[in-house]
Amino acid sequence: MNKTKKLFIGTRSKSGVIFLAFVYTMLISLGFIYLYPILHMFVTSFMSLNDLLDDSVKWIPTHISLDNYKQAIEVMKFRDKIGSTLILAIIPSLCQTAVSAITGYGFARYRFKGKSILMVLVLLTFVIPPHVMMVPRYLMFTDYKMIGSMGVLLYPALLGQGINSAIFILIFTQFFKQTPVSLDESARVDGAGDLRVFLTIAIPLAVPAFIVSILFSFVWYWNETYFSSLFLGSSNIGNQRTITTILMELMQFEDSYKKYIQQVAGSWGAGGSVESIANEAIRMAGTMICILPLLLVYFLLQRYFVESIERTGITGE
Amino acid sequence: MGKKRRLGLGVTARREMKGYLFVLPWTVGFLIFFAYPIVQSFIYSISNVRITAKARIVKPVGFDNFVHIFTKDIYFVERLRVFFINTAFSLPVILVFSLMIAMLINQKIRLKGFFRTLFFLPIIVVSGPVLDRLIAEGATTIPMIQQYGVYDIINEVVPYFLREPISYLFSQLILILWYSGVPILIYLAGLQKIDNNLYEAALIDGASSWVVFWKITLPALKSIILVNAIYTLVFLGTSEINVVIILIKANMLNPNTGFGIASAMAWSYSVGLMLVMGIIYLIAGREKPAVKTERKSVKKPARAKKALAVRG
């Protein structure tokens, strides 16, 4: 009797076997479906041409070929671009996080007239798609001759208008609201000024929020191409200065591949007769290269990533 | 005069000033990068903007741009329609799926960390170019769907006007599921906030887990569902593979249409999005004011206690 009971629902403290089996099956099958594109990409990127053409090879390449990666790295000029890509992702993320923290602290700890209006405006900047501001921002950057320089990402980030800054401001506001005021007060009694309280009391307590903010900003800045390709000058011809990131290289992978092949073939003296369309394996290798740094960061920091999100109380809003 | 005032309001006024100082950078940014561009964008949307070598000529043309994009442009209306219909179908799927995953992960299970890592992974992968590649590769659909002839069934069973969105739903199923990364996170955080005592009380009262879900979990998550719906809508609306925004950019860089048309498109699109958000807000709704419950508590104290508890 006890055993059957255990099988079904168990007790409040322990779930039944059937239930657990159900949960695991769901999680594993959904997880597989979920990961399918990434797995597919990962596996395909190692395949040689023979494996691609062979129908019997579906999941496991006959031998692991790194040629695709070598070619993709050449095509995407990885060595040249990785530096600018990293800088363009890291510096704006740090700026955005810093400003969001300051703003969030202001909202959480101070009372001033018009605060609620400002909070609504913060929400508004999240809700209204940035595409409305695209044309005027573009013209503004053109006027100040900033197209193709890092300023186009840096200045908005520094002034709290980076990618999804509103979310981070709300997270920080929420987070600082949760940290006890008494600590601030005792520091103030000890004679610390407002800035000092913020720097020495509030910031160390808000480490999880900082981690979330920096990580997400980094990922979003890394992944953003729609605006950055416009503002960094690579999507319209005629700009003197352009910066391209790895992701933008991925966008024009086919073209670059053609050029690359012509270059290689040119040195042999065999012009256009060469096959100049990148096969899936090379394209997937290129895609893998783009997400590899993110995957690395994610797997190294995923513990912080997930736990700190739970601790920041995003949902408070 | 000034000194007197300072003496009178000293502490609060100075504290207020400090508050303003903290939000000052953001406010400046808001004015420069949000308020000013949005006004400017509206002006462009009702003007003909031409760029010559020397200057920018902005000539007001009334609502010609809007008339143009809605009557003459062959793509815009069509793409708007496709986007909004697809969103109407994928949004509920995302919301339900992410709630499901969140509840599964929230169980007491082993390898919790592993599964969490797995289900949040797409958050970092969903970027325009990468998704473009994966879609082109056909990796965003489940291969089984085609094998078992799901599309044939759809074509036979589903009425004509639903066919397109539903086959879209199936053909891009994984992609749509991938958008649930952040919603899962938000749900999880919400689930963990629900007081465990509520569940125990319900169990003692003999409620099945089905009932518990509908009577405790869902009502407690109501505001979170709203947050998720809005977030997902914004996310879908600004996704780089969204056909509408691709069109807007193409028009902006096209010398024949130019900035005026692009601004008009961006404005119409945003207004559309805001309308949808309004609808979501009305459906998901705000929590009803607590006053009502209190009034009930006067009449039937026993029941009201439960109602209050449910609200958490």
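Start with helix α4 of chain B. Select Phe115(B), Arg116(B), Leu118(B), Phe119(B), Phe120(B), Leu121(B), Pro122(B), Ile123(B), Ile124(B) and Val125(B): these residues of α4(B) are buried. The helix is mostly covered, since ten of its 14 residues are buried. Keep in mind that this is a predicted model.

Now look along the axis of the helix, which spans residues 112–125 of chain B. Where is the kink in helix α4 of chain B? A bend of about 30° lies at Phe119(B), shortly before the proline Pro122(B).

Stay in α4 of chain B and pick Arg116(B). Is Arg116(B) buried or exposed? Arg116(B) counts as buried because 24 C-beta neighbours lie inside 10 Å, and the cut-off for that class is 20 or more. For a distance check, draw a line from the C-alpha of Arg116(B) to that of Thr140(B): the two are 21 Å apart in space and 24 residues apart in sequence.

Step back to Leu111(B), in the loop between α3 (76–105) and α4 of chain B. Leu111(B) is not a glycine, yet its phi is positive, about 60°. With 12 other C-beta atoms within 10 Å, Leu111(B) is exposed.

**Chain B as a whole**

Select chain B and colour by secondary structure: there are 17 helices and two strands. Of the 312 residues in chain B, 30% are buried. Take the contacts in chain B between residues at least 6 apart in sequence: 71% of them join residues at least 24 apart.

Next, colour chain B by pLDDT. The mean is 80, and 86% of the residues of chain B reach 70 or more. Two stretches of chain B deserve a separate selection.

For the domains, select 2–45 of chain B as domain 1 and 65–126 + 179–311 as domain 2. Where these domains touch, four residues of domain 1 of chain B are in contact with seven residues of domain 2 of chain B. The domain 1 side of this contact has two nonpolar, two polar and no charged residues.

**Between the chains**

Show both chains. The predictor gives the complex an ipTM of 0.84 and a pTM of 0.84. How many residues of chain B are in contact with chain A? There are 76, and they meet 71 residues of chain A. Highlight helix α1 (residues 2–45) of chain B, which gives the most to this side, with 20 residues. By class, the side of chain B that touches chain A comprises 50 nonpolar, 15 polar and eleven charged residues.

Leaving aside residues up to four places away in sequence, Pro156(A) touches Gln161(A) and Gly162(A) in chain A, and Gly29(B) and Phe33(B) in chain B. Pro156(A) is buried, with 27 other C-beta atoms within 10 Å. From the C-alpha of Pro156(A) to that of Tyr144(A), twelve residues away along the chain, the separation is 14 Å.

Go on to Asn164(A), in the loop between α8 and α9 (165–178) of chain A. Its phi is positive, near 55°, in a residue other than glycine. Asn164(A) counts as buried, with 21 C-beta neighbours inside 10 Å.

**Inside chain A**

Colour chain A by domain: domain 1 is 2–67 and domain 2 is 70–316. The contact takes nine residues from domain 1 of chain A and nine from domain 2 of chain A. On the domain 1 side, α2 (17–44) and α3 (49–53) of chain A each supply at least two residues. The largest share of that side, three residues, comes from α2(A). Its residues divide into six nonpolar, two polar and one charged.

Finish at helix α4 (residues 67–75) of chain A, where Asn68(A), Gln71(A), Ala72(A) and Val75(A) are buried. Seen down the axis of α4(A), the buried residues fall within an arc of 100°, so they line one face of the helix. The general rule is that an α-helix has 3.6 residues a turn, so residues three or four places apart point the same way. After α4(A), select Lys77(A), whose phi is positive, near 50°.

Note on methods:
Residues numbered from 1 in each chain as written. Chains lettered and ligands numbered in written order. Predicted model: local features only at pLDDT ≥ 70, side-chain atom pairs only at ≥ 80, totals over all residues. Helix = DSSP H or I, 4+ residues; strand = E, 2+ residues; numbered from the N terminus. Arc of directions from axis to C-beta. Bend = angle between axes of the 7 residues up to and from the residue. Domains from an automatic or database assignment. Contact = placed C-beta atoms within 7 Å. Nonpolar A, V, L, I, M, F, W, Y, C, P; charged D, E, K, R; others polar. pLDDT = per-residue confidence, 0-100.
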